[in-house]
Amino acid sequence: MTLQLSTTLWSNGNSALASRPTSVRCRPESSDRASHLKACQRGVFSEVRQDFGGSRRMGSSVHATRAGEQSVAIEEQALQKTEGPLLKVFPGQSHPLGVSEVETGTNFAIFSENATTVTLCLILQERGMHNKLEEGMVELSLDSQVNKTGDIWHICVEGLPRSNVLYGYRVDGPRDWREGHRFDYNNVLLDPYAKLVEGRRVFGDASNKMSKFFGTYDFDSLPFDWGENYELPNIHEKDLVLYEMNVRAFTADESSGLDLHVRGSYLGMIEKIPHLLELGVNAVELLPVFEFDEMELQRRPNAREHLINTWGYSTVNFFAPMSRYASNGGGPINASQEFKQMVKAFHDAGIEVILDVVYNHTNEADDAHPYTTSFRGIDNKVYYMMDFQQNAQLLNFSGCGNTLNCNHPVVMELILDSLRHWVTEYHVDGFRFDLASVLCRGTDGSPLSAPPLIRAIAKDSILSRCKIIAEPWDCGGLYLVGKFPNWDRWAEWNGIYRDDIRKFIKGDTGMKGSFATRISGSADLYRVNKRKPYHGINFIIAHDGFTLYDLVSYNYKHNDANGEGGNDGCNDNFSWNCGFEGETGDPNIKALRIRQMKNFQVALMISQGTPMMLMGDEYGHTRFGNNNSYGHDNALNNFQWGQLKDKKDNLFRFFSEMIKFRRSRHVFARENFIDKHEVTWHEDNWENYESKFLAFTLHEDNGGHIYVAFNAHDYFVKVSIPSPPQGRRWFRVVDTNLESPSDIVPEGAPGVKETYNVAPYSCIVLEAKL
């Protein structure tokens, strides 16, 4: 059912009248149409009664005349079965954007600079009606003379429930494509400032793959109880050990042992916090948790229509938590509550929560196959970068069809408001910005030396306590590793670290000097102004690319299952299969792969800077060579808890003990770059291109020195161990060539002699102790 109501009010020069509700009273149940029309003309406010959920339907429209009287034209398609709530309409106010409670009712405000017509669409859904979202829609047309302040359209509605209301907007305007406009009044659009989003309730539900997204709100629930003794972890950046993970994939698999309705949810994460504590990490970096449409690839016939977007890098809304991560199909309100429960549980366990956020593009695709849900239809020219030399086509620096116009003042404020919302409402500890170089481009796509948005985030008082991390590149070739505009606040994913460590460990020649630079904190990149080693996020593996097991098991990507002919995913993986592609029964190859995985973990954990590892690497998760598994909602991405159990005494134990060893030794997490007095390089032939062996000693003021040696040769290297400090002895902590549990002995194993035979493709760590 659709009812159209124009809130036009002619004030006849009386400004006080303009603030009053419009003069219409619509009572479609009246049998006396003449008296009903007269009553409507005499009234001083607008009232709408509507039947929501009834089987009989009615449509009506209301328009204002220049004489200041309201004329009513009602076309009754059928008698209403029941009477809905009474609504009164007021002009409303321009701030805040989104939905808010005001004295006169529920206020709606939306920005559109170029719109000529805006209509608020309301659905008062009955509980359990979320699969029939457009039944009983009320449409309230806003008048630019009454319901608009500047470029903000607004309206206040009295009589709406305080929750369980869905809303969207129809927006129309100029149709000139070459001027950048993409208006289409037929679309009901999602409010960019909606704090909660309703769509389908079950993740990957193909029966509802065409479902639309509506904003909703909840003014009924009490404020979340964070607890009397609740505290933020406030972990210093130099002490962080990051664990990149996907909320759904962490517990979606049956092997998680969780109830079916909890798997893949925020609550499922809580259940597995003990695993993270046992592993030893103290911060999780969550793949996107903003509302996204996992079924976007299945909306039209294409080569990828079998995929489900399980990574979530396709934002629908920047304020709402992913509703299908709620347990048991609970919907947006439950998702919000359960997200807060998850954050509180992590904080109570001493673990910080960092969100991977996607502000570089949205889900709305490109001009060839647009998927208009919000920004494109509200004001495309404002929200997206366009090439006006090429028919105003969308610029694509994201690789996903569009690029958000991040440094436009309105879009910049949207992003800042979104970030502040996640900090104040959900208490998150920081953000990792996907393809953050996009945020360094001007409105025409050109790079900026001092991007306003990047500076505003760095200087914002609410965001001051947050970790802010850039992925310092984009798909348009703007590579800013070590050069990202930072104001001494921004950290960066160190892609050069990833590549150099991979090359050295697998045995490439000429990499010893680069390897030494990377594990020392990449001073060549970050020793500028007041930047610190921890501003470099060291990683060898991330969600996109090979898993750690696949890095040592495949020379080439195997992405045929993605439907893109193997053309997607990175080609420069710097991987080595250790002698055979994929699975092998050769015990020597298996042992070498395990050893190489341990070598990578040691390198990561002894490096200056902030280490980050990927979910599943602690047991050797494989994607069978797929290095771009974004669309597979199955075991390819899902954490395999059975395999963890099988590897608990070997790989997991090593990873866990190595993390804890790093966290307990200050020498690996210095606040400042190491100087010549804090490290001794046992090397006098740096220019030897063929050398793949490196040894060094890190010095502590208290005498607790640590000796480290890496051998990437395919033969043993016998080395002389330097004398320990006076009164101390060397104890072996790590030798990756040894079988578990001798491969890592946290307390140290005695018996280290003056020389040590370091095995091929292995490393050792010794500690000087009393």
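Where does F624 lie? F624 is found in the loop between β25 and α15 (641-646). Helices (H or I, at least four residues) and strands (E, at least two) are DSSP runs, numbered from the N terminus. The model is predicted, so local features need pLDDT of at least 70 and side-chain atom pairs count only at pLDDT 80 or more, while totals for chains, interfaces and linings use all residues. Residues are numbered from 1 along each chain as its sequence is written, and side-chain values use heavy atoms, with hydrogens and water left out.

Phi of F624 is near 55°, a positive value in a residue other than glycine. F624 is partly exposed, with a relative accessible area of 48%. Buried means under 20% relative accessible area, exposed over 50%, and partly exposed in between (1.4 Å probe, protein chains only). H427 also has a positive phi, near 65°, and is not a glycine. H427 sits in the loop between α8 (409-424) and β21 (430-433). H427 is buried, at a relative accessible area of 17%. Most residues other than glycine have a negative phi, and most peptide bonds are trans.

Cis peptide bonds come next. The bond from H95 to P96 is cis, with omega near 0°. P96 belongs to the loop between β6 (86-90) and β7 (98-102). S740 and P741 are joined by a cis peptide bond, with omega about 10°. P741 is in the loop between β30 (729-735) and β31 (744-749).

Strands of a sheet pair through backbone hydrogen bonds, either parallel or antiparallel. Two strands count as paired if DSSP finds at least two bridges between them. Axes are lines fitted to C-alpha atoms, for helices over the stretch in contact, and angles run from 0 to 180 degrees between N-to-C directions. Strand β16 (residues 242-245) runs parallel to strand β25 (residues 610-614), and three bridges join β16 to β25. L242 has M612 as its bridge partner in β25.

Strand β28 (residues 706-711) pairs with strand β33 (residues 762-769) in the antiparallel sense, over six bridges. The bridge partner of I706 in β33 is E767.

The axes of helix α10 (residues 495-506) and α14 come within 11 Å and cross at roughly 135°. α10 and α14 are therefore oblique to each other; angles under 35 degrees count as roughly parallel, over 145 as roughly antiparallel, 65 to 115 as roughly perpendicular and the rest as oblique. Y497, I501, R502, I505 and K506 in α10 meet Q596, N599, F600, A603 and L604 in α14. Such contact means heavy atoms within 4.5 Å.

The largest nonpolar core has 174 residues. A nonpolar core is a set of buried Ala, Val, Leu, Ile, Met, Phe, Trp, Tyr and Cys residues joined through side-chain atoms within 4.5 Å. F108, L122, L355, F431 and F433 have the most contacts inside this core. Helix α14 (residues 587-606) gives the most to the core, with nine residues. Apart from this core lies another, of 18 residues, among them L435, W493, L525 and I537. Not counting residues up to four places away in sequence, F431 touches residues including I354, L355, W422 and L463.

R441 is in the loop between β21 and α9 (452-459). R441 is buried, with a relative accessible area of 5%. Beyond residues up to four places away in sequence, R441 touches M385, F397, N407, S446, P447, L448, D474, G476, G477 and L478.
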